[in-house]
Amino acid sequence: MRATPADIEAAIAELADPVRAEGSARFFKTGPGQYGEGDRFIGVTVPQLRAVAKRFRGVDAATVDRLLASEIHEYRLAGLLLMRAEFERAPDDPTRRGWVDQYLGALAEGRVNNWDLVDASADPVLGAWLVRRGDHGKLVELASEPDLWMRRAGIVGTFAFLKHGVGEATLAVVPVVIDDRRDLIQKATGWMLREMGKRVDRDLLTSYLADHAPRMGRTALSYAIEHLEADERAHYRSLR
């Protein structure tokens with residue numbers, strides 16, 4: 001029999017740790033006015049959630065949707081991990097497209113609403129689909145949204161292209177977000193630029209920095225140049 005949402009929630013709840021939950025709530029900034037305001041944790045680690053998701057592979061879209069609708073952060077993350085697994089094992093493109101549409105709906109509805117949730121799904125689900133289609137336009141569209149999580153998904157989704165040696169998606173998204181000084185956008189932007197230099201072409205990164213470092217935020221620039229030589233890092237910092 002196919003597992004129900006209640007089965008999966010119960011398996012996760014058995015691993016709950018109240019002390020860890022308190023630490024997670026602080027780490028993911030759930031206080032008033034913070035980016036994760038109001039999010040609820042029960043204290044289950046990512047490796048534990050991955051193990052649970054592995055046990056319950058084969059779920060349907062309705063089960064994933066129930067998990068994504070939960071107020072509990074770990075249930076939503078488990079839903080995304082299951083979605084990724086089902087996307088990757090899907091037998092055809094129509095089935096994959098169904099998972100992608102469900103993901104975009106959850107993102108638009110505010111269910112993918114913290115950086116770990118975005119980072120666990122934007123690249124391996126949405127990004128992987130767009131690589132198959134050879135079109136990164138949806139990532140530019142998401143990056144153009146003012147919503148923090150949609151914008152971060154647009155940036156992090158370009159990682160899928162970088163893993164295939166393609167830098168165009170990242171270079172198309174970065175100009176859209178370069179002036180956004182929110183910390184989670186800065187870090188994601190610098191991270192993708194750094195990966196472009198590592199995975200695609202180091203010269204592509206340094207050429208971009210030569211033209212745009214003066215306009216970049218300090219955090220994004222710091223992440224982007226992290227693996228360059230010390231003298232190069234000093235040079236690009238001096239351009240700001």
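Figure 1. F28 has a relative accessible area of 10% and is buried. The model shown in this and the following views is predicted. F41, at 13% relative accessibility, also counts as buried. The structure holds six aromatic pairs. One of them joins F28 and F41, with the ring centres 5.3 Å apart and 15° between the planes, and this pair is stacked.

**Figure 2. The ring pair of F159 and W191.** The centres of the two rings are 5.6 Å apart and the planes stand at 70°, so the pair is edge-to-face. F159 belongs to helix α11 (residues 159-162) and W191 to helix α13 (residues 183-199), so the pair ties together parts that are 32 residues apart in sequence. Both F159 and W191 are buried. K163 lies over the face of F159, at 4.6 Å from the ring centre.

**Figure 3. K29 in the loop between α2 and α3.** K29 is located in the loop between α2 and α3. The residue is not a glycine, yet its phi is positive, at about 55°. K29 has a relative accessible area of 35% and is partly exposed, whereas F28 is buried.

**Figure 4. V44 and its contacts.** V44 is also placed in the loop between α2 and α3. Its relative accessible area is 8%, so V44 falls among the buried residues. Residues up to four places away in sequence are left out of the contacts shown; beyond them, V44 touches I12, L15, A16, R20, L49 and E74. The C-alpha atom of V44 is 8.1 Å from that of A13, although 31 residues separate the two along the chain.

**Figure 5. W149 in helix α10.** W149 is located in helix α10. With a relative accessible area of 8%, W149 is buried. Apart from neighbours within four places in sequence, the contacts of W149 are Y35, L107, V112, N113, N114, W115, V118 and L184. From W149 to V44 the C-alpha separation is 22 Å, and the two are 105 residues apart in sequence.

Figure 6. The largest nonpolar core has 73 residues, of which I8, I12, Y103, L209 and M216 touch the most other members. Helix α5 (residues 73-88) gives the most to this core, with eight residues. Y103 is in contact with L80, M83, V112, V118, S121, A122, V125, L126 and A153, not counting residues up to four places away in sequence. I12, one of the core residues named here, is also among the contacts of V44.

**Figure 7. The largest pocket and its lining.** The space in the largest pocket comes to about 240 Å³. Its lining is made up of F27, Y35, W115, D119, L148, R152, R182, D183, L184, K187, A188 and W191. Helices α7 (115-119), α10 (148-156) and α13 each supply at least two residues of this lining. Helix α13 gives the largest share of the pocket lining, with five residues. W191 from the lining is paired edge-to-face with F159.

**Figure 8. The largest cavity and its lining.** One cavity of 30 Å³ or more is found in a search of the whole structure. The largest cavity holds about 30 Å³ of space. V177, I178, D180, I185, Q186, T189, M216 and A220 form its lining. Helix α13 supplies the largest share of the cavity lining, with three residues. Among the lining residues is M216, one of the core residues that touch the most other members.

Conventions
Residues are numbered from 1 along each chain as its sequence is written. This is a predicted model: local features need pLDDT of at least 70, side-chain atom pairs count only at pLDDT 80 or more; totals for chains, interfaces and linings use all residues. Side-chain values use heavy atoms; hydrogens and water are left out. Rings of Phe, Tyr and Trp (its six-membered ring) pair if their centres lie within 6.5 Å; planes under 30 degrees apart count as stacked, over 60 as edge-to-face and the rest as tilted. Buried means under 20% relative accessible area, exposed over 50%, partly exposed in between (1.4 Å probe, protein chains only). Helices (H or I, at least four residues) and strands (E, at least two) are DSSP runs, numbered from the N terminus. A charge sits over a ring if NZ of Lys or CZ of Arg is within 6 Å of the ring centre and within 35 degrees of the ring normal. A nonpolar core is a set of buried Ala, Val, Leu, Ile, Met, Phe, Trp, Tyr and Cys residues joined through side-chain atoms within 4.5 Å. Contact means heavy atoms within 4.5 Å. On a 1 Å grid over the protein atoms alone, a cavity is a set of points where a 1.4 Å probe fits but cannot get out, and a pocket is an open set with protein on both sides within 12 Å along at least five of seven lines; lining residues have an atom within 4 Å of a point. Grid points are joined across faces, edges and corners, and a volume is the space filled by probe spheres set on the points.
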